[in-house]
Amino acid sequence: MNRNYIILTLIMLILAFGTLFLKMDDELDQVDPEILLQEIIQPTRYVTTDQVAKMIIKGDPSLMLIDVRNEEDFQNYSLPRSVNIPLDSLLNPENLSYLGIKGTKVVFVSDDDIKADQMWVLTKRLGYKGTYVMKGGLNCWMQTIIEPQQPSGDASYADQETYSFRKGAQMYFTGASAESSDDAKVEVQVQRREKSSVAAGGC
Amino acid sequence: MGPLIPNGIIGDGWDFVIAILIGIAFGFILEAAGFSSSRNLAGVFYGYNFVVLRVFFTALIVAMVGIMYFDYLGWLDLSKIFILPTYLGPMIVGGVIMGFGFILGGYCPGTSFTGVAIGKLDALFFTIGLYVGIFGFSLAFPLFENFYNSGSLGNVTLTDVTGIPASYFALAFTVVALAAFWGTMFIEKRVRKNMKQYKF
Amino acid sequence: MNVNNTIDNQPKYINPYLGGVLLGLLILATVYITGRGLGASGAIKSAVVTTSNTIAPAATKSNNYMGKFVSDDHSPMYTWLVFESLGVLLGGLLSGMLFGRVKKFRTDRGPQITNRKRLFWALIGGALFGIGSQFGRGCTSGAALSGTSTFALGGVIVMFSIFGTGYIIAYFFRKLWI
């Protein structure tokens, strides 16, 4: 009787010790292809340039911008507070440590959508949550934030609003003087509803 | 994969069928292990019968370690399981009151049901007591509503509070429980030798 | 009956460790299937709310505590825990029949007290347990066992305060049991 109990005790101890060594692999849990497909089809991974600009201006601490272009391009121009992780060096453990932090939004930025999208698929495959792609990439950023186009006079109110926000953001990022300074400043300070149609008139 | 019902793998209609089946298994195990006798239950506090400690802590460590493996194998999404919310003050007070209830009544709610099932009158009275107690609590609720809702920490786990991974807790509980099993084996032998009469 | 741990006098209980492993696996299965653990006191709470709702619906709805559990679409009895507790009764009966423990009504008590005293204290103990389980958000099975199994802080607090209190006060109530 006692010998059986000793064996059972040992088995339980070994099983419990075993749990200590489980966690490592767990973080690189792979995604089921079906679920991955579902997520790729859905456009929810995209954030617009306006949303990114807003988060940078507000100093949102949960935002993590990752620039996936090569180092040279990154040196030439990059978004404020962004980190450079070229596509080919994603799998460095050092770089992976930026991902999968609870409560942060990782947004991938490249010239256009393609490289950022590839990066996004890779991170999903690795099982990370909370990764996004900046829609249209830096090309779109240039068109919408750095050199926003004034909408025509009969454009909708929402478009006008988007434009004035962009003018404000332009000032913030380039230091350019604004023509209608009062208006623009107010737009930056006022926190708009997140789901307003700022996406309209994007790329 | 799991949990099956929150993930929609098993439909809501099966909920109550599964509830009864799980209940039957629960009741069966409790009764078969001897939890339908208040003397067995109270024995854990007087050192003559440690069946509560053995069953309770074996179940605890098996479930804890098992959950870690289920999580590892991807069978269980730990973010989707229900975590009991923590209310610091009320839970300590509640636990102390339940401790008194346990010593005086000799049962806890689940075990009293199995006692009723096999015809124990004290279990029946305990269950009636439960009913009266909860009724009284509800009626008097406005008196201590503030206290009832105080000390809320949300649905936190040990890991959320301490930052130590869950597996360390599983291991710690296992080691303590196993040590307790061996220790109590000797206590029980000694106490029983001194007992004149022990009627199950 | 003078018991010296002879085999004949021992009731046929299963090995406690086997019971523990089975119970642990049952908790695992329950969490796996339903995403939450076992429970018992919740069923009594449903019964309380139901009777109160039948006798005085308006007062029940306006009661800050019971009002939370009343809904218009279904009876408070139509909850998971009520069905589970019915199962516990059935399971207990099943095991009792299988091992030959279902007999006519009887009372378990310590050797030094009368049956009446035992029933009186059982009633008091039950009432205390009922009150405590509401403050603790669950009883031994719901909070202490299932809560701790899922590593919830609250479960650990409830477990230690129940058993801690039990051991502290056991000495003062020893007449009841030994």
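Modeller: Helices (H or I, at least four residues) and strands (E, at least two) are DSSP runs, numbered from the N terminus. Read in that way, the elements of chain B follow the order α-α-α-β-α-α-α-α-β-α-α from the N terminus on, which amounts to nine helices and two strands. This is a predicted model, in which local features need pLDDT of at least 70 and side-chain atom pairs count only at pLDDT 80 or more, while totals for chains, interfaces and linings use all residues. Residues are numbered from 1 along each chain as its sequence is written, and chains are lettered from A and ligands numbered from 1 in the order in which they are written.

Biologist: How should I read the packing of α3(B) and α9(B)?

Modeller: Two packed helices are described by the angle between their axes and the distance between the axes. Axes are lines fitted to C-alpha atoms, for helices over the stretch in contact, and angles run from 0 to 180 degrees between N-to-C directions. Here α3(B) and helix α9 (residues 166-194) of chain B pack at about 155°, with their axes 9 Å apart. Angles under 35 degrees count as roughly parallel, over 145 as roughly antiparallel, 65 to 115 as roughly perpendicular and the rest as oblique, and α3(B) and α9(B) are therefore roughly antiparallel to each other.

Biologist: Is B:F57 buried or exposed?

Modeller: A residue is buried if 20 or more other C-beta atoms lie within 10 Å of its own, exposed if 12 or fewer, and partly exposed in between, with C-beta atoms placed from the backbone. B:F57, which has its place in helix α3 of chain B, counts as buried because it has 26 C-beta neighbours inside 10 Å. In chain B, buried residues make up 56% of the 200 residues.

Biologist: Which residues does B:F57 touch, not counting residues up to four places away in sequence?

Modeller: Two residues are in contact if their C-beta atoms, placed from the backbone, lie within 7 Å. On that basis B:F57 touches B:A177 and B:A180, and although B:F57 and B:A180 are 123 residues apart in sequence, their C-alpha atoms are 9.2 Å apart in space.

Biologist: What does B:L60 contact, leaving aside its neighbours within four places in sequence?

Modeller: B:L60 is in contact with B:F173 and B:A177, and also with C:L145, C:T148 and C:S149. The contact of chains B and C takes 115 residues from chain B and 111 residues from chain C.
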